[in-house]
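Please open the structure in a viewer and keep the sequence at hand.

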Amino acid sequence: MIGGNRVNPMKRNVDKGKTTFVVTLVIVIMFALIVVGNSYYTIQEEEQAVVCTFGEPKAVTTPGLHFKIPFIQTVTKVNTTIKGFSIGYSVDGNGDDSDAVMITSDYNFINVDFYAEYRVTDPVKALYSSENPEEILKNIAQNCIRTTIGSYKVDSVLTTGKNEIQANIKQMILDKLDSYDIGIQLVNITIQDAEPPTEEVSNAFKEVETAKQGKETALNNANKYRNEQIPNAEAESDAILQSAEAQKQQRINEANGQVARFNSMYEEYIKYPEVTKKRMFYEAMENVLPDVKVVIESSDGTTSTVLPLGSFVTDEDSSGGSADDNTSANVSTGEE
């Protein structure tokens, strides 16, 4: 008895058993909740998961609710959205821009800023093939950028060669990523800015760019003028050719006419050689001296006009004489 009261040993054992039961029940419930809570996981649309069972990883790419074995399987989620990083500048303006300084093939220094975009294509390799795949990609990109920039002249980097440079750098990075096989892929890399290290050089290159634009404008204007003048020149050429062809045909026709006339005269000459000779002589005299009149006086006192030929023919027909008579005649000439 203590303090006048006596504790029942049986009641004390019952209370102790109830307490133990409650504690055990609570532990079991908590364990069950933990087991249930670790028996499933959810994958979002922009995620993939890596489930590791006894050290063996396996990728789960289907979005939604998935189950796993508690305490045996571990799940690591990987973001597969497109990410990016800058090279040569900092987005917040507090970064080191020493990576932007590069040297070209003509030994000029230039500041070039890039922005690279990438995404995870194999979550297992992205987690276990390397400790920091983004840092590896950044180092690869810097190496490819400097190699490519070093093969171009400074004016190409600043003006007309940017698209070609970007394409070459991207292809070089993709080839190296394939050989490294770290589970990430380059989406795109672009030149954000390119400028000479000094203001004087920058102004000089701006003038070069302006001159190139002026050259392009002049070439375009020249091509436009050429395209306008070529049809006119072709039309003029066709007109000259047609005129020459017409003159050629005219000369051929004249020559054919002269040949025909000569053949006709030759036939007459064969028939009447003396008459034809005199006729040809009179025609020649008429052409050389168109104002000359030739009159033939016969022994009997009659006269006949030889030139012009029209009168000669008329006189010849009216007198019944002939120009080839052997009768001697006095020939006198005079101008009208």
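A pocket, on a 1 Å grid over the protein atoms alone, is an open set of points where a 1.4 Å probe fits, with protein on both sides within 12 Å along at least five of seven lines; its lining residues have an atom within 4 Å of a point. The model shown is predicted, and local features need pLDDT of at least 70, side-chain atom pairs count only at pLDDT 80 or more, while totals for chains, interfaces and linings use all residues. Residues are numbered from 1 along each chain as its sequence is written, and side-chain values use heavy atoms, with hydrogens and water left out.

**First stop: the second largest pocket**

Select V78, N79, K83, Y118, V120, A126, L127, N132, P133, E134 and I184; these residues line the second largest pocket. Its volume is about 180 Å³, a volume being the space filled by probe spheres set on the grid points, which are joined across faces, edges and corners. By class, the lining has seven nonpolar, two polar and two charged residues. Here Ala, Val, Leu, Ile, Met, Phe, Trp, Tyr, Cys and Pro count as nonpolar, Asp, Glu, Lys and Arg as charged, and the others, Gly among them, as polar. At least two lining residues come from each of β5 (73-79), β8, α2 and α3. Helices (H or I, at least four residues) and strands (E, at least two) are DSSP runs, numbered from the N terminus.

**Second stop: Y118**

Keep Y118 from the pocket lining and display strand β8, in which Y118 lies. Is Y118 buried or exposed? Y118 is buried, with a relative accessible area of 5%; buried means under 20%, exposed over 50%, and partly exposed in between (1.4 Å probe, protein chains only). Next, show its contacts, that is, residues with heavy atoms within 4.5 Å. Beyond four places in sequence, Y118 is in contact with T81, I82, K83, G84, F85, E134, L137, I184, Q185, L186 and V187.

A nonpolar core is a set of buried Ala, Val, Leu, Ile, Met, Phe, Trp, Tyr and Cys residues joined through side-chain atoms within 4.5 Å. Which members of the largest core touch the most other members? They are F114 and I173, in a core of 33 residues. Two or more residues of this core come from each of β6 (83-87), β8 (109-120), α2 (123-128), α3 (133-149), α4 (154-158), α5 (162-180) and β9 (184-195). In soluble globular proteins, nonpolar side chains tend to be buried together. A second, separate core of five residues includes I43, A49, V51 and V60.

Select K125 in helix α2. K125 is partly exposed, at a relative accessible area of 28%. Leaving out residues up to four places away in sequence, K125 touches S130, D181, I182 and G183. K125 and G183 are 58 residues apart along the chain, yet their C-alpha atoms are separated by 4.7 Å.

Move on to D181, in the loop between α5 and β9. D181 is partly exposed, at 38% relative accessibility. Most residues other than glycine have a negative phi. D181, although not a glycine, has a positive phi of about 55°.

Select G150 in the loop between α3 and α4; G150 is partly exposed, with a relative accessible area of 32%. Not counting residues up to four places away in sequence, G150 touches I103, T104 and S105. G150 and I103 are 47 residues apart in sequence and 5.9 Å apart in space, C-alpha to C-alpha.

Then find E135 in helix α3, partly exposed at 40%. From E135 to F85, 50 residues away in sequence, the C-alpha distance is 9.9 Å.

**Last stop: the whole protein**

Finally, display the entire protein, with its eight helices and twelve strands. Of its 336 residues, 23% are buried. Among contacts between residues at least 6 apart in sequence, 67% join residues at least 24 apart.
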